[in-house]
Structure formats: structure tokens, C-alpha cells
Amino acid sequence: MTLVTPAPAATQSAVSAAYTRLTEVFPSLHIIEQAAHEPLPADTGWVRTEQLAEGGAALDAFLAWDDAQVRKDYGQQARPDVVASFGLHRYAWPACLLITVPWFLQRRVPRFPAAHVSFQRALGRMAVRVTDFACLPDDPAATLPGAHVVPDEEALRAEVRAAVADHLQPVLTGFGPRMRRGPRALWGMATDEIVEGLWYVAHLLGEERRAMTELAELLPGTTKPYVGQAAFRELAGPQGEPLPTRDRASCCLFYTLRPEDTCVTCPRTCDADRIARLTAAQPA
């Protein structure tokens with residue numbers, strides 16, 4: 001169900017209700033909104049997105065966390081490009097939710113230049129500065145400062161694609177040399193982060209099917225710079241029950257650590273294995 005909220009108070013933005021709802025169903029991520037005059041957090045553990053985009057010491061420190069986590073969890077050293085791929089995923093997955101969740105719940109699409117976001121992943125915090133957003137003509141927020149009114153749903157989907165691309169482009173530029181991947185592979189990763197992040201959150205919201213439909217419309221496979229479609233499909237379980245799945249547009253490289261344990265949405269994972277794993281994950 002789409003959230004319809006009244007015009008926000010001075011201390012809130014037009015997308016605050018969506019972020020509150022996100023944290024209610026996914027407490028591991030909390031969005032902190034900063035006023036225009038407030039600096040983004042720069043304490044220990046925080047990193048500004050524009051620092052990651054620079055690809056220097058801040059990115060080195062960010063990836064050192066991933067390197068240590070891999071050694072702790074899997075008892076082995078990962079290749080540098082694998083570490084960088086994991087690090088990009090751990091940033092891009094929540095960063096995409098900053099844009100896709102307000103679109104899904106409120107039909108509002110905020111814009112976030114790299115300078116307007118800071119990340120504290122150990123605590124699951126993102127600090128943001130909301131200034132501009134797109135919305136539909138009948139939205140109560142259409143008259144608010146910073147509102148950009150677009151005519152219809154397809155125009156709003158275009159705003160989602162543009163907002164994510166504008167935010168991730170400098171991040172991909174910063175991570176790219178560490179990952180040994182070309183632009184097509186990087187934007188394939190971006191496609192997957194958009195789809196799998198909102199798909200997961202929508203499942204927690206009890207709106208998985210709507211999210212699958214809307215993501216298919218958002219990413220039909222012809223919207224550059226994105227690569228591939230949302231790529232949802234349905235398998236039949238042992239009792240004929242529907243089991244939603246999708247095929248990723250990119251590879252997360254987890255197989256380099258555990259060759260026998262691919263992701264359930266990896267093209268390398270056959271349908272029989274997907275059915276077995278999806279069925280085992282269901283409650284009795």
C-alpha cells in the first residue's frame with residue numbers, strides 16, 4: 001500500500017515517513033536526516049560517499065574492513081578485486097534503498113549527490129541531506145520547496161533510474177579500478193543492487209509481488225546505463241507452490257571463497273538447487 005503523508009513538518013523531509021517505515025521492518029538500517037545547515041557525521045567509523053568516490057585513503061580504510069571480515073568469516077584471504085566487490089555491495093545495497101523505498105512507499109524520489117550522504121556500516125546508519133525530490137501532480141508534497149513534479153508513473157520511474165545513476169556513478173568510478181571490471185559489469189552490479197534491495201525490503205513489508213511487478217517496469221532491460229532486466233521468474237516447489245526467483249545481471253564473486261555455495265540468484269545455480277534452497281528457507 002502506498003503511504004500518503006501530509007506535508008512534512010519543518011524538521012522532516014518529504015520522504016521521512018518512508019525511512020521510518022524502512023527501519024521498522026529492517027532495524028539494521030537507520031536513516032538519519034540532516035538539516036541543510038548541519039554537517040554530515042565525520043566521527044570514527046563514518047565515511048562520506050564523496051570520499052569513497054575519490055578512491056584514496058578513505059576507500060582503502062573502507063575495504064580493509066571487508067578484507068578483515070572475509071578472513072574472519074572464511075579463514076582465507078580474498079583477492080583484492082573480490083574484497084572491492086564485497087565493499088561496493090555493502091555500500092550500494094543500502095544506498096539504493098535511499099531512493100527506491102520512498103518511490104515504492106510514497107511515490108517520491110529524492111536526489112542525493114555524493115556530498116549529501118555519509119555511511120556508518122558497523123552501526124547500520126546512513127546520514128543524508130534531502131533537498132530535492134520528484135513526485136506526481138496529485139501528491140500533497142508537490143507544492144513543497146525542492147519538489148519537482150513529473151507527469152506520470154513512467155516519468156517517475158525515469159527519475160528513480162536517474163537518481164540512482166547520479167548517486168552511484170562517482171562511487172563506481174572510485175571502486176572500479178580496484179574491481180578489475182569494466183563499465184558494463186559495474187552497471188550490472190548496480191542493476192542487481194536496485195532489484196535485490198527493494199525486493200528484500202518489500203518482502204518484509206508483505207508487498208513482495210507488487211515490488212516484483214514494479215521493478216520489472218523500472219528495469220525492463222532497455223534503460224542505460226543499467227544492464228539487464230529485473231529478471232524475475234517463478235519456479236514450482238515440491239507441492240506446486242510458487243517460488244519467486246531471479247537471475248542476477250552480475251556476479252558477486254562469492255564463489256571464489258566457497259565454490260560449492262553459489263548465491264541462490266546466481267546464473268550458476270541450477271533450478272533444482274534453487275528449489276531445494278528456497279523450500280528449505282520457508283517456515284514449516
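Which residue, with a positive phi near 60°, follows H4? That residue is Arg107, and the views below place it and other sites in a predicted model.

Residues are numbered from 1 along each chain as its sequence is written, and side-chain values use heavy atoms, with hydrogens and water left out. As the model is predicted, local features need pLDDT of at least 70 and side-chain atom pairs count only at pLDDT 80 or more, whereas totals for chains, interfaces and linings use all residues.

**View 1. The whole protein, with 8 helices and 9 strands.** Helices (H or I, at least four residues) and strands (E, at least two) are DSSP runs, numbered from the N terminus. The C-alpha atoms fill a box of roughly 55 × 50 × 35 Å along the principal axes. For 284 residues a compact globule would have a radius of gyration near 19 Å, and the protein, at 19 Å, agrees with this; the radius is taken over C-alpha atoms, and the globule rule is 2.2 Å times the number of residues to the power 0.38. Of the 284 residues, 50% count as buried, where buried means under 20% relative accessible area, exposed over 50%, and partly exposed in between (1.4 Å probe, protein chains only). Among contacts (heavy atoms within 4.5 Å) between residues at least 6 apart in sequence, 65% join residues at least 24 apart.

**View 2. Helix H4, residues 80-106.** The 27 residues of H4 reach 39 Å from the first C-alpha to the last, close to the 39 Å expected at 1.5 Å a residue; the expected span is 1.5 Å times one less than the number of residues. A kink of about 35° lies at Leu98, shortly before the proline Pro102, the bend being the angle between axes fitted to the seven residues ending at a residue and the seven starting there. In H4, 24 of the 27 residues are buried, so the helix is largely enclosed by the rest of the structure.

**View 3. Ala18 in helix H1 (residues 16-25).** Ala18 is buried, with a relative accessible area of 0%. Although Ala18 and Gln106 are 88 residues apart in sequence, their C-alpha atoms are 6.8 Å apart in space.

**View 4. An open sheet of 4 strands in the order S1-S5-S4-S2, with mixed pairing.** The edge strands, each pairing on one side only, are S1 (30-33) and S2 (47-48); two strands pair if DSSP finds at least two bridges between them. S1 runs parallel to S5 (residues 125-128), to which 4 bridges join it, and Glu33 has Val128 in S5 as its bridge partner. S4 and S5 are antiparallel and joined by 4 bridges, with Ser118 partnered by Ala127 in S5. In their hairpin, which has 4 residues between the strands, Gly124 takes a positive phi near 70°. S2 is joined to S4 (residues 117-120) by 2 bridges in an antiparallel arrangement, and Val47 has Phe119 in S4 as its bridge partner.

**View 5. Thr265, in the loop between strand S9 (242-246) and helix H8 (271-281).** Thr265 is buried, with a relative accessible area of 6%. Its side chain and that of Glu196 are joined by a polar contact of 3.0 Å, meaning a pair of N or O atoms within 3.5 Å; within protein, one must be able to donate a hydrogen and the other to accept it, and residues adjacent in sequence count only if both atoms are side-chain atoms. Not counting residues up to four places away in sequence, Thr265 touches Glu196, Trp199, Thr245, Arg246, Asp247, Arg248 and Arg274.
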